[in-house]
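I opened my notebook today to look at how two chains sit together. Here is what I had on screen.

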Amino acid sequence: MSGFFKSSIGRKYAMALSAFFLMFFLLQHFAINILSVFSPDAFNEASHFMGTFWAVQYVLQPVLIFGVIYHFVMGFILEARNRSARVKTYAKNNGAANSSWMSRNMIYSGLAILAFLVLHFIDFWIPEINTKFIDGDMTGLLSNGEGFRYYEELVHKFENPLRVGAYVIAFIFLSLHLMHGFSSAFQSAGASSMRKEKLQLFAKVYSISIPLGFIFIALFHHFNH
Amino acid sequence: MNLTLKIWRQTDANDKGKMVDYKVTEISEHMSFLEMMDVLNEQLINKGIEPVAFDHDCREGICGMCSMYINGEAHGPDRGVTTCQLHMRMFKDGDTITIEPFRAKAFPVIKDLVVDRSAFDRIQHAGGYISVNTSGNTQDANATLISKHAADEAMDAATCIGCGACVASCKNASAMLFVGAKVSQYALLPQGQVEAVDRVKNMVAQMDLEGFGNCTNTGACEVECPKGISLENIARMNREFLSANIKS
């Protein structure tokens, strides 16, 4: 396997693998977040489990961080290499005649998602790491000790309409990214065209419903509290 | 038909080149695009202007020589045809048509609309062949049974004429549809198994060395390919490449 990941196809496989992991993570993230709409208690319990269970914190979380960084860094490296493969561009190019806008602009939807991740990390991840590992508070309880803090923190974040607006826009870009990225990952991994139609239908359902679900959660908490 | 043509003119590989406007008159809608270019060149010669250089050979869609990026698409706006099969009925009287060479770092312009596609030849040399008995030991072709499905798929892949429209259309100037087709046509047949591992590894290595971009699955190549080569061939090449790297 020496040199596999340095080759163009090896890098395609690596991008696809990191994409599969991130898409699975997104599904799991959504499954927990949607609980906040139906049951604050269930959301608190799930969040506390994810935030304190050792395998999630010390195994899956580092893998996730690596997956996110790898996907972005390799995305930029491949984009730079691809741009260098055509030094002189066309005076007239009709890209819309043969490919989707989403497929031609993955770098821009990816950059929008990266900007969102910075905001998201500042909003949730950094305060969470600060509380648990700097302050050493692993209880997950509110400062007055009356129940878990996760639901309260979530609701508080979605009070600001500007933040909600930024989240909505970011999830629209996430949807655009997934509309091409989902089926593209399977194609890169060598999926046969025999399964392509079913796969593309599933890709459409996933890439629209999951971001739409996240938008619903943000709007639900904004307008209900 | 009277047309305005915006054509890329470049005297040689070192020239910077530029788009130049020409008027061409008395074009019949029944002419092929290359015949229209012939008329233009005749009119240019009569005016003492250097004719436009462009590649062509068989003029019946099988040799893969003609190229041209016409109005933003490889081989023009029609589907499943090469430039020589594109007819002027696809355009209207008074139209302005932009004509550029296929653009990729691995396809340097030689002159005007002529590009050097020898990178494809070098990829073929790296593994696009099989070993067969010759000199009296020639085996009857029908002695090796091949399923209809495999034969059909191999033949579909083998219809690639190596014109380079896939590279020209791809936003990344990727050659993976071409290489995928060449790998597939052998991978699907028993005769191709002898060199299977080395073939895909060597052809992909040569493709990377030539400076083609990486496939991002936009599907533009499949749409613009005059022979309808499917993206399935890229997926098959990816599987073959992974399998070859696991084996050795």
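These are my entries, starting with the ground rules.

**Ground rules.** This is a predicted model, where local features need pLDDT of at least 70, side-chain atom pairs count only at pLDDT 80 or more, and totals for chains, interfaces and linings use all residues. Residues are numbered from 1 along each chain as its sequence is written, and chains are lettered from A and ligands numbered from 1 in the order in which they are written.

**Where the chains touch.** I looked up contacts (C-beta atoms, placed from the backbone, within 7 Å). I found 36 residues of chain A in contact with 38 residues of chain B. On the chain A side, α1(A) gives the most, with 5 residues. I sorted that side by class and got 12 nonpolar, 17 polar and 7 charged residues. Here Ala, Val, Leu, Ile, Met, Phe, Trp, Tyr, Cys and Pro are nonpolar, Asp, Glu, Lys and Arg are charged, and the others, Gly among them, are polar.

**One tryptophan.** I then found W125(A) in helix α6 (residues 106-134) of chain A; a helix is a DSSP run of H or I, at least four residues, numbered from the N terminus. From W125(A) to Y108(A) I noted 17 residues in sequence and 24 Å in space, C-alpha to C-alpha.

**One leucine.** Last, I checked L177(B) and left aside its neighbours within four places in sequence. Among its contacts are C166(B), C221(B) and I234(B).

How values were computed: Contact = placed C-beta atoms within 7 Å. Helix = DSSP H or I, 4+ residues; strand = E, 2+ residues; numbered from the N terminus.
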